[in-house]
Amino acid sequence: MNYGSAKWKKKRKRILKLDGYKDRVAAMYGQTLEGNMVHHIYPAAEYPEWEYEDWNLITVNKEITHNKLENRKTGELTAMGKMLQRYIKPYQNWRVNKYGTATKNH
């Protein structure tokens, strides 16, 4: 995964905007945090075929939430990161509510 590529920068910007620059994981716990990083729910190193899929990308706070999802030394998912995978299944458009409309991000 080339995080410096123009393709990634464009996708990152799109996901941040799509999620309203809010930490979507923190929101699951009733918290409001600024979203400043895009996290791969299913790691790009293990699932390169999903590295640019919207459903596999989620806005988080780099300093707080991202470190709870992924071990920064090993790159392995933490228990919380694995929980997120159980919550969000491949190809699931989790940004759409039960009525089939996009969720609001504000």
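These questions and answers cover the fold of a predicted model and one of its residues, N56.

Residues are numbered from 1 along each chain as its sequence is written, and side-chain values use heavy atoms, with hydrogens and water left out. In this predicted model, local features need pLDDT of at least 70 and side-chain atom pairs count only at pLDDT 80 or more, while totals for chains, interfaces and linings use all residues.

Visitor: Which pattern does the protein follow along the sequence?
Guide: The secondary structure comes to four helices and two strands. Helices (H or I, at least four residues) and strands (E, at least two) are DSSP runs, numbered from the N terminus. Read along the sequence, the pattern is α-α-β-β-α-α.

Visitor: Where is the place of N56?
Guide: The strands β1 and β2 span 37-40 and 57-60. N56 sits in the loop between β1 and β2.

Visitor: Does N56 count as buried or exposed?
Guide: Buried means under 20% relative accessible area, exposed over 50%, and partly exposed in between (1.4 Å probe, protein chains only). The relative accessibility of N56 is 0%, so N56 counts as buried.

Visitor: Which backbone oxygen does the side chain of N56 reach?
Guide: Not counting residues up to four places away in sequence, N56 touches H39, H40, I41, Y42 and W50. Contact here means heavy atoms within 4.5 Å. At 3.2 Å, the side chain of N56 reaches the backbone oxygen of W50.

Visitor: What share of the 106 residues counts as buried?
Guide: The C-alpha atoms fill a box of roughly 35 × 30 × 25 Å, taken along the principal axes. Of the 106 residues, the share that counts as buried is 39%.

Terms used. Polar contact = N/O pair within 3.5 Å; in protein donor to acceptor, adjacent residues only side chain to side chain.
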